[in-house]
Amino acid sequence: MKTNLTTVTLSLAVLMATGNPFERRAGSKEKRVQYAAWDDVNVIAHGLLQLGQGLKEHVDKTKVQMRDINARLKAFNVTVADMGKESLKLQAEGKVLRSRAQGLEDREVRALNVTEELREKAEEMQQERRRVDERMNRLEEKVDGMLQGEGLPDMSSSNAGNFSDAHIIQWMLEAQNKRIDDLVDRIRLQQEKLDKQTLRIRTLQHQIQLTKERPGFRRKAEEAVQNSSIEQRDSPIEMASDCHELFLRGETSGVHRIQPLNSQPFDVFCEMTAEGGWTVIQRRQDGSVDFDQLWQAYRGGFGSLNGEFWLGLEKMHAVAKDADYVLRVQFSDWRQDSETVQYPIRLDGEESQYALHIKETSPDSLQSALAVEVTGTPFSTRDQDNDKKTDTNCAKHLSGGWWFSNCGRSNLNGRYFVSPPPKQRHQRKQGVFWKTWRGRYYPLKTTSMMLAPAAIQNTL
């Protein structure tokens, strides 16, 4: 484009250098008219054609980009409309539930106000989008008029105006693209705020549900709301009994201190998801911790809560002993494939060797790898042989401690092998595996186990 403009400019300069088309010869009364060379005219005409073609291609490209942006904006409008309907529905539900949970009324009102503000901002963004569409339509009409108007511009002084219009249009397009980028950024920020607001509303729903189902939690929730201001409280808020209770108080993922009923406080890692808070009891990710430990280590726990760790059987029992809980098991392989299974469980204390009871499972499903007896399966280590296989110590045979009903269904605490696993069969069977997924000798890269109250299943 710059080359074409330069060619045209030089050509015009040559024509201007020729002076007046009418020159009087010395000693002659006759006037003679001089014209520009035909080659010069062709060069200028060719340059103008290339300029027009380049401008048309740029406009066509801009139209395609604008159609794509309009499609994205329309998709966002649908999302905003759905979120608006969901917010209106939640407002109606909040009005009914407010009378049942007076202690949560103030926080719910604030959440609804924020939702209203977000909806107003979404409406403003829609109006802004309409203004952008109108301006782009006017701009397209102006460009089309220039390209489809009178054919080739003449050689008069109005050409300078056409070149100036081309620069102005290019500048306007760049400015408009910048405004569109800014608008997309604003949409993204509003979407993040809407996601956070949805999580807060869902948290309030959890709290209201628990006030109806657990009178003890209702008293604790009311005390937490009444004492939420540090300046106004005289004593600290009662410590949460698990990560789900911390989730309902608005805490985020990370290491927190909890105190289950009739237990000493201890630190746990909480995994906060959209449906609630999970207390992580085991994590494998890089083989940095040796899981081939004895009974006392598995009883008390080992590793780092911010890396690989085993929380400890006694702490697990303290969390899950007073209510029905769900065990979630997640694992992935070296190809980044992953799976998740869940069980409604009950965990006995040390007097029963921390026997694990699973209430529901299908014998041919992915969950069947964690096979337990009807009476519960005790936990075993190489110095505490509690498995169901009479002639073999499964923990010593496979490595690590686990709920072994036999020696071949699953073991997430086995030896960590970096892919590819060892070629020797007796070594591969000691690895971390989940038989019903990819087989007994298929090594896993990451594993995690976590607990949450059974009531959380109502939100899944």
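Colleague: Which residue takes a positive phi in the hairpin of S8 and S9?

Modeller: That's Gln336, with a phi near 70°. Five residues lie between the two strands there. Keep in mind that this is a predicted model.

Colleague: How do you know that S8 and S9 pair?

Modeller: DSSP has to find at least two bridges between two strands. S8 and S9 have eight, in the antiparallel sense, so they count as paired. As an example, Val326 stands opposite Pro344 in S9.

Colleague: And what joins S8 to strand S13?

Modeller: Eight bridges again, and these strands run antiparallel too. At least two are needed, so S8 and S13 pair as well. Here Ser332 stands opposite Thr446 in S13.

Colleague: Why is strand S8 called mostly covered?

Modeller: S8 spans residues 325-332, and seven of its eight residues are buried. Buried here means under 20% relative accessible area.

Colleague: Let's turn to the rings. How many aromatic pairs does the structure hold?

Modeller: There are 14.

Colleague: Why is the pair of Trp295 and Tyr354 called tilted rather than stacked or edge-to-face?

Modeller: Their ring centres are 6.0 Å apart, and the limit for a pair is 6.5 Å. The planes stand at 35°. Stacked needs under 30 degrees and edge-to-face over 60, so this pair is tilted.

Colleague: What makes you say that the pair ties together parts that are apart in sequence?

Modeller: Trp295 lies in helix H7, while Tyr354 is in the loop between strands S9 and S10, so the pair links parts 59 residues apart in sequence.

Colleague: Are Trp295 and Tyr354 buried or exposed?

Modeller: Trp295 has a relative accessible area of 6% and Tyr354 has 0%. The cut-off is under 20%, so they count as buried.

Colleague: Why is the pair of Trp437 and Tyr442 called edge-to-face?

Modeller: The centres are 6.1 Å apart and the planes stand at 90°. Over 60 degrees is what the label takes, so edge-to-face it is. Trp437 comes in at 15% relative accessible area, so it is buried.

Colleague: Which residues do ring pairs link into a cluster?

Modeller: Among them are Phe291, Trp295, Tyr298, Phe302 and Tyr354, along with Trp402 and Trp403.

Colleague: How do you know that Arg283 lies over the face of Phe269?

Modeller: Arg283 is 4.5 Å from the ring centre. The limit for CZ of Arg is 6 Å, plus an angle within 35 degrees of the ring normal. The charged end of Arg428 likewise sits over the ring of Tyr441, 5.1 Å from its centre.

Conventions
Residues are numbered from 1 along each chain as its sequence is written. This is a predicted model: local features need pLDDT of at least 70, side-chain atom pairs count only at pLDDT 80 or more; totals for chains, interfaces and linings use all residues. Side-chain values use heavy atoms; hydrogens and water are left out. Helices (H or I, at least four residues) and strands (E, at least two) are DSSP runs, numbered from the N terminus. Buried means under 20% relative accessible area, exposed over 50%, partly exposed in between (1.4 Å probe, protein chains only).
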